[in-house]
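Subject: Structure handover and notes

Dear colleague,

Please find the structure below, followed by my notes on what was found in it.

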Amino acid sequence: MANLSTLEPLVSVEWLNNHLTDKNLLIFDASMNKVTSNDNEIENSQIPTAQYFDIKHVFSDTSAPFPSTVPSEQQFTREAQKLGVNTDSIIVVYDDKGVYSSARVRYLFKAFGFDNVAVLDGGLPEWKAASYDVEEKKINAKPKGNFIATYSPEKFKFFDDILESSKNKNHLIIDARSENRFKGLAQEPREGLRSGSIPNSVNIPFSKLLENGYCFKSKEAIKKEFETINAKEQHLVFSCGSGITACILALGAELIGKHDISVYDGSWTEYGTLTTE
């Protein structure tokens, strides 16, 4: 059984396959599937015993004006317990893109006081490439857990915080969107949202940290990406479109030993809506 004190931020598909029968293991599928007219685009398989972790509709404040808003302590506690999360659980999160929304789930757990959680490097594509077993999507219900969330407010930034951070030389806002979106050369996917970027922010597209879009690059390669923006001993604030891919940069920063970090929860969707320039 895995040593609870040594679970790394990332685990390999080989590691997970070797630990599938661990007593305290919980596997969460954090995929953000979009139903389309092409059935081939809908993933209908999952890693054995996985449970669906619904970021948009269950683990966010759906009454908020912007998507994927961080939920309350009470909501996170209630919904995590429904998934069987206990204080001694081992949690591995994956998604169907490789590394995408799974990083947001790990960040949420960390923000709510649960540390023994890892992202599956390469996600479902890497799992399938290794020819490990999958099952058809189904509900793998667990007994109610005993985990109680304790929110760490320093993990997230909000609009007023960003207005201050953009003027603070000890803070560096790093945008995870594509270069063209960051530069305002590409239209935002959210209808009616203006293009642009937060003043004094810099850009590391989250794809720059990934190999072929699936797995994280080596720590040395990730360090080089952070060196391109001259990231010094500053507080790093990660932003993106709606707070999802910013967490990929946050995970990358953690992998290279940077822990003075936070995520702008509303990201450009909020900032671009509430400002005109």
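Buried residues, where buried means under 20% relative accessible area, exposed over 50% and partly exposed in between (1.4 Å probe, protein chains only), make up 53% of the 277 residues in the chain. Please keep in mind that this is a predicted model, in which local features need pLDDT of at least 70 and side-chain atom pairs count only at pLDDT 80 or more, while totals for chains, interfaces and linings use all residues. Residues are numbered from 1 along each chain as its sequence is written, and side-chain values use heavy atoms, with hydrogens and water left out.

Overall form

The secondary structure comes to nine helices and 14 strands, where helices (H or I, at least four residues) and strands (E, at least two) are DSSP runs numbered from the N terminus. The radius of gyration, taken over C-alpha atoms, is 18 Å, close to the 19 Å that the globule rule (2.2 Å times the number of residues to the power 0.38) gives for 277 residues, so the chain is as compact as a globular protein of that length. Along its principal axes, the C-alpha trace spans about 50 × 40 × 35 Å. If contact is taken to mean heavy atoms within 4.5 Å, then among contacts between residues at least 6 apart in sequence, 77% join residues at least 24 apart. The accessible surface, from the Shrake-Rupley method with a 1.4 Å probe, comes to about 13400 Å², and 46% of that belongs to carbon and sulfur atoms. As for charge, counting Lys and Arg as positive and Asp and Glu as negative, with His and the chain ends not counted, there are 30 positive and 38 negative side chains. The centres of the two sets lie 3 Å apart, the place of a charge being taken as NZ of Lys, CZ of Arg, CG of Asp or CD of Glu.

Two strands are said to pair if DSSP finds at least two bridges between them. On that basis, an open sheet of five strands has the order E1-E6-E5-E2-E4, with parallel pairing. Strand E1 (10-11) and strand E4 (51-52) stand at the edges with a single partner strand each, so one side of each is left without a neighbour in the sheet. E1 is joined to E6 by two bridges, and the bridge partner of Leu10 in E6 is Val119. E6 also pairs with E5, over three bridges in the parallel sense, and here Ile91 has Val117 of E6 as its bridge partner. Strand E2 (residues 25-29) and strand E5 (residues 90-94) pair over five bridges, with Ile27 opposite Val92.

Helix H3 and individual residues

Ten of the ten residues of helix H3 (residues 102-111) are buried, so H3 is largely enclosed by the rest of the structure; among them are Arg104, Arg106 and Lys110. Just after H3, Gly113 takes a positive phi of about 85°.

Arg177, in the loop between E9 and helix H6 (179-182), counts as buried at 2% relative accessibility. Leaving aside residues up to four places away in sequence, Arg177 touches several residues, including Glu188, Asn203, Cys240 and Trp268.

Most residues other than glycine have a negative phi, and two exceptions may deserve a look. Ser68 has a positive phi near 60° and sits in the loop between E4 and helix H2 (73-82), where Ser68 counts as buried at 5% relative accessibility. Asn200, with a positive phi of about 70°, lies in the loop between H6 and strand E10 (202-203) and is exposed, with a relative accessible area of 60%.

With best regards
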